Amino acid sequence: MTSQKLSLQDIILTLQQYWANQGANLMQAYDNEVGAGTQSPYTFLRANGPEPWHAAYVQPSRRPADGRYGDNPNRLFQHHQFQVVMKPSPDNIQELYLGSLEALGIKPLEHDIRFVEDNWENPSMGAAGIGWEVWLDGMEVTQFTYFQQVGGIEVDSVTAEVTYGLERLASYIQDVPTVYDLDWGNGVLYGDIFKEPEYEHSKYAFEASDQTMLLRHFDDFEKEATRLLDLGLVHPAYDYILKSSHTFNLLDASGSVSVTERAGYLHRIRTMARRVSKVFIDERAKLGFPLLKDNDLREIYLGEHGKYTLTEEN
Amino acid sequence: MSTFLLEIGLEEVPAHLVTSSESQLVARTKEFLAAHRLTVGDIKPFSTPRRLALQLCDVAEESEALSEEKRGPSVERAKDENGEWSKAAQGFARGQGATPEAFEVRDGYVWLTKHTTGVPANQILSQIGEEVVSQMKFTTYMKWANHSFLYVRPIRWLVALLDEQVINFNVLDIATGRVTRGHRFLSTEHVTISDAQAYEETLQSAYVLADAENRKAQIKSQLETIANRNHWVLSLDNAPAQDLLEEVNNIVEWPTAFSGSFDQKYLEVPDEVLITSMREHQRFFYVRDATGKLLPHFLSVRNGDTAHLDNVIAGNEKVLVARLEDAEFFYREDQQKKIADYMAKVKTLVFHEKIGTVYEHMQRVGLLAEKLADALDFDDDKKTDLARAAEIYKFDLMTGMVGEFDELQGVMGEHYARLFGENEHVATAIREHYMPTSANGNIAKSDVGAVLAIADKLDAIVTFFAANLIPSGSNDPYGLRRAATGVVRTLTTKHWHIALQPVLAEFMAATGAVTASADLMAVLSFVVDRVRKLALDDDIRQDIVSAGTDNFATADIVYLTDRIQVLANHAHDNNFREVISALTRVARLAEKTPVSLNVNPQLFENETEKALYAATSELQLVALEANGAEALYQALAALQMPISAYFDATMVNVDNEQIKNNRYAQLNIINQLIAGLGNLEDIVIK
């Protein structure tokens with residue numbers, strides 16, 4: 001371990017610099033409520049279609065049901081993920097990841113690092129992948145996934161997704177008893193910034209949310225997303241899908257979704273997620289997959305008999 | 001003689017697939033070698049999380065040459081009218097890569113002797129990539145990068161060496177070579193193997209123990225050394241410890257065992273919770289003292305050497321403490337509430353969205369359990385315990401502990417039930433109702449637990465059938481087959497004769513819409529099908545299993561199981577063939593829906609009729625079945641002689657309607673007895 005412990009923001013800066021050097025483009029956190037970095041359009045949408053995509057970003061991730069009023073040492077309404085997506089997955093992605101730990105001052109020879117099988121699935125987004133959780137001296141610090149299916153569609157080009165749980169990683173590096181004791185930077189503690197919102201959001205999600213309003217919003221958001229999908233407006237549609245999803249999570253946390261309704265809501269979100277993935281690919285195909293530079297691949301996808309070649313009928 | 005080495009370098013393979021993949025690689029390689037007639041000596045397999053490999057010793061220089069005789073057209077067809085070789089003959093020769101000059105004429109046909117010369121080993125082995133490596137099958141697959149090729153994990157390198165020579169082939173864009181990779185951290189990335197024989201030593205010097213058995217033995221000995229030094233009792237002989245050892249072995253390449261500790265205060269938490277935290281969540285081995293008391297220490301294995309082991313120990317201890325802290329918190333919190341509080345929450349817990357809540361499931365199970373208890377003549381105490389257990393047995397699902405440690409469902413239920421003042425029988429039944437938890441898992445010991453286990457599973461089967469969520473093919477997402485197997489195994493282990501048909505019919509009548517659309521016959525067939533499966537697993541002949549499970553009547557599972565065994569036992573009798581022939585002859589003639597079962601002795605025309613009548617008039621199916629399938633078989637076997645004599649002397653289909661009907665009545669009576677053994681016509685007699 002380094003003699004001077006990295007602050008949380010040092011960790012972010014280090015990871016950003018490291019992955020930028022590996023060819024990832026630094027995105028900013030998506031400005032819409034999401035439950036995980038995977039839900040950001042920079043991952044979810046870009047994972048479909050044949051275009052290469054390399055990005056890294058911090059994503060604040062809201063999970064209303066995980067709120068603990070700021071009382072639990074490591075469970076949070078909102079935590080921060082550092083998300084890296086590399087598509088197509090590089091042959092040395094594991095080595096690149098291990099390099100990032102070294103950049104953080106975690107020398108593999110001084111620890112025990114393992115790749116333990118953990119396949120990831122998010123049924124409501126129709127997404128599934130194969131991979132591992134990475135254990136650092138027995139603690140899970142990273143989720144490592146090769147996407148196989150996104151939005152119910154088998155991917156054309158496999159994205160390697162590396163998701164660091166920033167609070168966990170920082171807790172390990174700084175060796176503090178609770179996340180609230182973490183040094184965010186310049187001596188300001190994580191608790192100084194997030195304890196109050198944690199309490200308030202927990203209170204809101206579990207006790208104070210207006211369920212009638214949320215139910216109405218869910219219906220509105222769904223209707224809007226569906227309408228926008230009909231117009232081929234992928235990104236605004238996706239925003240409303242994210243809003244639907246978060247609204248459902250709030251309803252679920254408040255316990256106001258009955259058991260049978262629950263499955264119904266998840267089904268509605270899944271249906272939208274599948275549609276948006278399809279429309280995203282169609283719209284990118286219309287643009288000619290501008291990020292796809294490899295001529296052989298362009299032939300496969302856009303050539304005379306290409307998978308996405310536009311024909312007269314469409 | 002040469003040595004061949006094949007190594008498939010992979011990203012970390014799931015631990016539970018490493019050993020089976022190693023065996024598969026050997027099996028496929030053997031098939032490959034046989035198909036190419038290439039002789040080798042020993043095959044030595046290797047596996048680690050990052051590689052599957054094998055060494056073929058004493059590889060022959062080339063495959064065995066082969067002489068095969070191929071028969072061509074007949075002599076008449078081989079020559080045309082001019083005495084020249086016909087088109088057919090020339091075509092045959094061409095097809096075998098020869099000319100008609102090579103024909104031999106024998107037995108009225110033309111023949112060619114086809115010599116296949118030996119193919120050099122290196123040429124054959126260059127096909128192992130396509131014919132073995134690419135053909136491997138796994139239970140989980142993935143693709144990577146822009147490939148569509150599926151494999152268990154990405155292939156990152158390939159080594160193929162015949163002695164010092166690289167055997168060239170590709171899988172995807174990966175070409176074989178002599179460069180392997182050592183331990184991820186302890187070794188440099190690329191390690192060169194000079195010679196196929198040097199594989200194990202080369203890897204050992206690169207901090208990889210490639211021989212999985214050897215690696216496991218080392219782990220075991222390291223763990224035992226630490227335990228012995230500290231006077232801890234470590235038991236590795238039980239199945240969960242063996243599984244853990246197997247898993248740990250397949251997540252390390254260079255094992256170093258270490259021990260860690262946790263605060264005494266956590267020992268107040270139930271042992272099962274501590275063990276689950278250590279074993280299931282952290283892959284630690286737990287230790288006890290000489291008296292069997294759990295100790296606040298654990299053993300684990302690092303993938304690396306002893307350098308900076310203190311970091312590793314501290315990190316692992318910290319993670320465990322965080323888990324135990326949670327566990328202790330839940331344990332304390334859970335006891336602040338009452339069973340009734342948890343039951344109130346169970347009312348909102350879904351059983352299945354199409355069926356309803358767990359609470360409703362429990363209420364039905366209570367009803368079914370009561371009917372089963374009646375059928376089993378339980379005394380009042382047992383019935384009271386059963387009713388109470390059925391009322392609360394899922395409450396622990398709503399506790400914080402089970403929310404966090406879901407594998408402890410039932411176990412925590414039993415524990416908390418005791419703390420909340422439930423009696424021993426009720427507490428035990430709560431844990432036992434999940435049993436058996438695996439195909440060969442233990443059966444509930446207590447009577448109350450066993451009935452609850454059966455009722456819980458049967459209700460699931462009936463309601464899922466009613467909701468048309470019926471398993472098909474290999475698709476059984478709700479584990480209904482496992483549940484049915486559990487019912488069968490519990491009934492047979494307990495030796496409980498219960499006629500499931502009337503019990504379930506009453507149950508369905510009493511539970512209304514949620515079970516109404518279930519086809520009771522389909523449900524019973526589904527359960528009986530598990531009897532069939534278990535008997536087949538016991539290596540009982542398929543025809544006998546079919547005979548014993550057909551005509552399952554009221555679906556008394558124990559009786560069905562017994563009669564299969566009885567038939568299987570008697571299949572070795574000298575007179576089995578005669579007995580079955582005689583009885584199936586009766587069965588074939590008898591009417592499916594008997595018109596009459598009244599035999600009038602006045603209408604007999606010969607002695608054999610009288611004799612058969614005398615032999616059967618005392619036999620009562622109900623009484624015989626009550627004495628068991630063996631008694632019934634004995635009684636029917638005793639009829640073999642009278643039946644044979646009867647058929648020798650008696651014509652059944654005579655013109656006289658009265659006499660004919662009287663004879664059918666006689667056969668029908670016997671056939672009803674025969675049906676008590678199943679459908680004997682299924683039995684194949686040679």
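How many bridges pair E13(B) with strand E15 (residues 294-303) of chain B, and in which sense do the two strands pair?

Author: Seven bridges, in the antiparallel sense, pair E13(B) with E15(B). A word on the model before going further. It is predicted: local features need pLDDT of at least 70, side-chain atom pairs count only at pLDDT 80 or more, and totals for chains, interfaces and linings use all residues. Residues are numbered from 1 along each chain as its sequence is written, while chains are lettered from A and ligands numbered from 1 in the order in which they are written.

Some terms come next. Strands (E, at least two residues) and helices (H or I, at least four) are DSSP runs, numbered from the N terminus. Two strands pair if DSSP finds at least two bridges between them. Strands of a sheet pair through backbone hydrogen bonds, either parallel or antiparallel.

Within the pair, Thr256(B) stands opposite Arg302(B) in E15(B). The pair belongs to an open sheet of three strands in chain B, in the order E13-E15-E14, with antiparallel pairing. E13 (255-261) and E14 (285-288) of chain B stand at the edges, each with a single partner strand, so one side of each has no neighbour in the sheet. On average, neighbouring strands here are turned by 30° against each other, direction ignored. For such angles, axes are lines fitted to C-alpha atoms, for helices over the stretch in contact, and values run from 0 to 180 degrees between N-to-C directions.

A helix packs on this sheet. H10 (residues 309-334) of chain B touches E13 and E15 of chain B, and its direction makes about 50° with that of E13(B). Contact between two residues calls for C-beta atoms, placed from the backbone, within 7 Å.

H10(B) also takes part in the meeting of the chains. The contact takes 28 residues from chain B and 27 residues from chain A. On the side of chain B that touches chain A, the elements giving two or more residues are E15 and H10 of chain B. H10(B) gives the most to that side, with five residues. By class, this side of chain B has eleven nonpolar, eleven polar and six charged residues. Here Ala, Val, Leu, Ile, Met, Phe, Trp, Tyr, Cys and Pro count as nonpolar, Asp, Glu, Lys and Arg as charged, and the others, Gly among them, as polar.

Now turn to helix H9 (residues 271-282) of chain B. H9(B) has twelve residues, which should span 16 Å at 1.5 Å a residue; the end C-alpha atoms are 15 Å apart, which agrees. The expected span is 1.5 Å times one less than the number of residues. Which residues of H9(B) are buried? They are Val273(B), Leu274(B), Thr276(B), Ser277(B) and Met278(B). A residue is buried if 20 or more other C-beta atoms lie within 10 Å of its own, exposed if 12 or fewer, and partly exposed in between, with C-beta atoms placed from the backbone. The cover over the buried residues of H9(B) includes E14, E15, H10 and helix H14 (400-404) of chain B. Just after H9(B), Arg283(B) takes a positive phi of about 60°.

Step back to the whole chain. Chain B is divided into domain 1 (2-62 + 121-205), domain 2 (66-116), domain 3 (212-334), domain 4 (341-537) and domain 5 (560-682). The bounds come from an automatic or database domain assignment. The C-alpha centres of domain 2 and domain 4 of chain B lie 71 Å apart.

Chain B has another sheet to set beside the one above. Three strands form an open, antiparallel sheet in the order E4-E6-E5 (chain B). Its edge strands are E4 (66-74) and E5 (104-106) of chain B, each pairing on one side only. Neighbouring strands in this sheet are turned by 35° against each other on average, direction ignored. E4(B) runs antiparallel to strand E6 (residues 109-116) of chain B, and seven bridges join them. Arg71(B) stands opposite Trp111(B) in E6(B). Helix H3 (residues 87-95) of chain B packs on this sheet, touching E4 and E6 of chain B, and its direction makes about 165° with that of E4(B).
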